[in-house]
Amino acid sequence: MVQFNDIAKEITNELSTTLNSIDNTEAENLLAAIKKADKVFFVGVGRVLLSLQAIAKRLAHLGIKTYVVGQITEPAITEKDLLIVGSGSGESAFPLIIAKKAKQFNATVAHIGANPNSSMREHSDLFVRIPVSTKLQLPGEIPSVQPMTSLFEQSLLLLGDTLALTIVREQTIDMHSLWEYHANLE
């Protein structure tokens, strides 16, 4: 019989390997871009979008102005802003279109993905590689026992939480004070 704890250990081992494989300089460059931006926008599709929405919410808890592309209250993007694109393959049509459009407004574009040689490269100012298996099955990817691209989506969420905790520690933010930014109409 398959044991829950055995499977959980496989998943957490994959996550540990993946997070430790993210290039520190790439992550620091993304963090610097987030801190520099007036507003931070996010775009992705499917489960990647869900991870990005969670990252946007967490950064909003830290006082950063965040928006998910397409939300009804989304303001205009400008040259002072950052668009974070989540796309493992870097080939998803909608994020590519939005990245191209953001560059037309001179916004900074950051791509978080698994494929450093994707079409997104043409529209990105910086790249953070999460080197996991994608639908493209490229060489050098960290394999996963999980279905489809679960490891990418999980690692993306944890990358966002790691960046948030870095901000908390750099700014010595009192964790308890963050609750004032939490939704209270629940």
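In which sense do strand 1 and strand 3 pair, and over how many bridges? I looked it up: strand 1 (residues 40-43) and strand 3 (residues 82-86) pair in the parallel sense, over 4 bridges. Strands here are DSSP runs of E of at least two residues, helices are runs of H or I of at least four, and both are numbered from the N terminus. Two strands count as paired if DSSP finds at least two bridges between them. I also noted V43, whose bridge partner in strand 3 is V85.

Ground rules, before I forget: this is a predicted model, where local features need pLDDT of at least 70 and side-chain atom pairs count only at pLDDT 80 or more, while totals for chains, interfaces and linings use all residues. Residues are numbered from 1 along each chain as its sequence is written, and side-chain values use heavy atoms, with hydrogens and water left out.

Entry: I find an open sheet of 5 strands in the order 2-1-3-4-5, with parallel pairing. Strand 2 (66-68) and strand 5 (126-129) stand at the edges with a single partner strand each, so one side of each has no neighbour in the sheet.

Entry: helices on the sheet. Helix 3 (residues 46-61) lies across strands 1, 2 and 3, at about 160° to strand 2. Helix 4 (residues 93-104) lies across strand 1, strand 3 and strand 4 (108-113), at about 165° to strand 3. Axes are lines fitted to C-alpha atoms, for helices over the stretch in contact, and angles run from 0 to 180 degrees between N-to-C directions.

Entry: I84. I see I84 touching L30, I34, V40, F41, F42, V43, L52, A110 and I112, leaving out residues up to four places away in sequence; contact means heavy atoms within 4.5 Å.

Entry: helix 5. Which residues of helix 5 are buried? I list S150, L151, F152, E153, S155, L156, L159, G160, L163, A164, I167 and V168. Buried means under 20% relative accessible area, exposed over 50%, partly exposed in between (1.4 Å probe, protein chains only). These buried residues pack against helix 1 (4-21), helix 2, helix 3, strand 4 and strand 5. Just after helix 5, T172 takes a positive phi of about 40°.

Last entry: I173. I place I173 in the segment after helix 5 (150-170). The C-alpha atoms of I173 and L62 are 8.5 Å apart, though 111 residues separate the two along the chain.
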